[in-house]
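Here is a short walk through one protein model. Keep the structure in view and follow along.

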Amino acid sequence: MTGLRIAVVGAGPAGMYAIGYLLDHGGPDVVIDLYERLATPWGLVRSGVAPDHPEKKLVADRLFDFSLHDSRVRFLGNVEIGTDISHADLSASYHAVIYAVGAGDDLKMNIPGEDLPGCFAARSFVAFYNGHPDYQHLDFDLSSERAVIVGNGNVALDIARILCTPIEELARTDITDRALEKLAASAIREVVVLGRRGPAEAAYNNPELEELGHIPGVDIAVGGAAMPDSTKGCSWETKRKLEMLAHLAARPANPANKRILFRFLASPLEVVGTDSVNGLKIGENALQADASGALRPLPTGRDEIIGTGLIFRAIGYRGTPFPGLPFDDRSGTIPNDAGRVLGETNTYVTGWIKRGCRGIIGTNRRCAQQTVDRLLADLGTGSLPPLPGAAALLPGKRIDLAGWKRIDRHERDMGRRQNRPRVKIVDREAQLGLAMSEPATVEACT
Amino acid sequence: MTFVIAAPCVADYSCVDICPVNCIGPGPEEQGFDDAEQLYIDPVKCVDCGACVDACPVLAIYEEASLPDRWKHYAKVNRDYFHRDSVTA
């Protein structure tokens with residue numbers, strides 16, 4: 001195929017894997033315009049991956065950056081599709097559009113008191129400490145001695161780890177300065193991680209659980225459910241998790257340490273408080289197998305209140321409707337067939353908005369491959385009629401590759417002075433100012 | 001000696017694509033890939049070529065003897081993955 005002109009919306013892992021595959025398989029003269037709402041690329045690799053996981057962020061430097069620098073790719077940052085340019089205009093300007101917009105919302109607990117100050121979505125705190133410009137106005141009160149995280153997936157463990165890691169270790173990461181200040185003054189001694197089912201059904205992965213054992217000065221404890229006597233019938237991964245949890249919980253406790261308490265078989269019932277959070281009422285569960293054999297939590301009727309001033313709900317992310325596209329409210333995804341959006345002719349999806357919020361960074365590679373394969377099969381072989389792209393529709397204040405590089409270099413320079421990977425610019429206007437500044441003139445050598 | 005995939009793995013399967021002896025799993029076509037916590041190297045099949053080390057975008061692959069202390073046990077984890085049915089029993 002020749003003459004292919006594509007728009008990709010979203011510069012996170014889903015979009016970048018789609019671009020990588022398009023560059024390899026989209027024909028020699030494929031042209032890709034990459035639209036990103038923010039001034040900075042990399043999506044959750046920049047604003048989701050924990051600051052103490054620098055190795056995972058290498059995927060940007062060692063993989064995505066090569067695609068971004070390819071002459072067939074044009075980065076168009078600070079452009080919001082659906083607002084600045086409509087889906088209808090975009091899809092009319094390209095042979096195909098791929099939406100890789102991720103999941104903009106999260107699951108609610110749907111319990112009384114959930115909106116009290118002090119009860120937050122996990123994503124808000126993660127985006128706050130990772131420097132996402134849309135979350136910098138938030139304030140988190142860490143003056144309570146106990147924090148409770150509802151949910152025990154990897155995001156929950158990231159937050160537990162960040163709340164308990166010694167400040168001097170965090171100070172070597174690219175966590176924001178404001179988050180660092182907050183955490184340095186934190187009074188939190190205990191983080192309760194709540195799971196509605198038992199240790200064998202916990203949502204975290206093994207590497208994230210193991211890591212808790214490496215935080216200096218932190219004890220791990222288990223409450224609410226005895227560890228299963230036998231791991232018989234468990235998957236290999238689950239067996240590893242159970243053994244690791246038992247090992248971590250059996251280490252001698254030190255009263256001077258902070259503590260992460262896994263509280264299993266407990267569901268949140270009510271956020272307690274009048275003006276702000278001062279507790280979480282939880283109900284005990286027992287597990288019962290349903291018709292399919294899956295273990296479901298059933299309330300036993302016993303409940304209690306955990307005293308806390310800070311609650312994070314970390315029970316899953318969820319996609320949001322995109323203007324001009326269909327939406328499946330049940331799954332929080334854009335309905336599609338192997339990546340092609342149902343009812344549309346040249347519109348595709350990849351990543352979390354396509355398959356739901358599952359998997360890790362590389363899971364998106366296979367997902368993108370399927371979408372691009374479908375797209376290429378739909379367009380067939382031969383040469384495509386020329387299309388203009390949406391250049392004429394672009395708003396004035398947009399960030400190109402050189403602009404992003406100015407932000408990137410500035411952040412790394414500031415980081416180098418402090419022995420950190422980077423110091424993030426977190427203010428939208430500051431990012432734009434830096435990106436649009438004239439390049440410094442090279443002083444003449446004399 | 002063998003190469004070992006440690007905790008930073010993000011399941012980008014560049015290593016699977018480049019491995020000349022197909023000793024890394026689960027690959028993208030295998031059942032279980034979508035929920036994989038990470039990928040693993042079968043030490044019995046690995047021929048120590050090291051091609052995967054450079055291909056890995058997050059530098060998660062180490063020679064067994066060079067594994068950082070906190071990830072030393074990943075030699076066993078990688079090995080056990082390929083015997084997971086017998087390990088589970």
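Two residues are in contact if their C-beta atoms, placed from the backbone, lie within 7 Å. By that rule, and leaving aside its neighbours within four places in sequence, Ser276(A) is in contact with Leu116(A), Pro117(A), Gly118(A) and Gly309(A). This is a predicted model: local features need pLDDT of at least 70, side-chain atom pairs count only at pLDDT 80 or more, and totals for chains, interfaces and linings use all residues. Residues are numbered from 1 along each chain as its sequence is written, while chains are lettered from A and ligands numbered from 1 in the order in which they are written.

Stay with Ser276(A). It is found in the loop between strand 11 (266-272) and strand 12 (279-289) of chain A. Helices (H or I, at least four residues) and strands (E, at least two) are DSSP runs, numbered from the N terminus. Ser276(A) is partly exposed, because 14 other C-beta atoms lie within 10 Å. A residue is buried at 20 or more such atoms within 10 Å, exposed at 12 or fewer, and partly exposed in between, with C-beta atoms placed from the backbone.

Now go to the core. A nonpolar core is a set of buried Ala, Val, Leu, Ile, Met, Phe, Trp, Tyr and Cys residues joined through C-beta atoms within 7 Å. The largest one has 144 residues, and Val8(A), Ala18(A), Ile149(A) and Ile159(A) touch the most other members. Helix 6 (residues 154-164) of chain A gives the most to this core, with 8 residues. Beyond its neighbours within four places in sequence, Ile159(A) is in contact with Ala122(A), Phe125(A), Val126(A), Ile149(A), Phe312(A) and Ala314(A).

Next, look at helix 14 (residues 428-436) of chain A. Which of its residues are buried? They are Gln431(A), Leu432(A), Leu434(A) and Ala435(A). They cover an arc of only 165° around the axis, so they sit on the same side of helix 14 of chain A. The arc is that of the directions from the helix axis to the C-beta atoms. An α-helix has 3.6 residues a turn, so residues three or four places apart point the same way. The buried residues of helix 14 of chain A pack against helix 13 (401-417) of chain A.

Between helix 13 and helix 14 of chain A runs a loop that holds Pro421(A). Pro421(A) is partly exposed, because 16 other C-beta atoms lie within 10 Å. Leaving aside its neighbours within four places in sequence, Pro421(A) is in contact with Pro54(A), Asp174(A) and Gly415(A).
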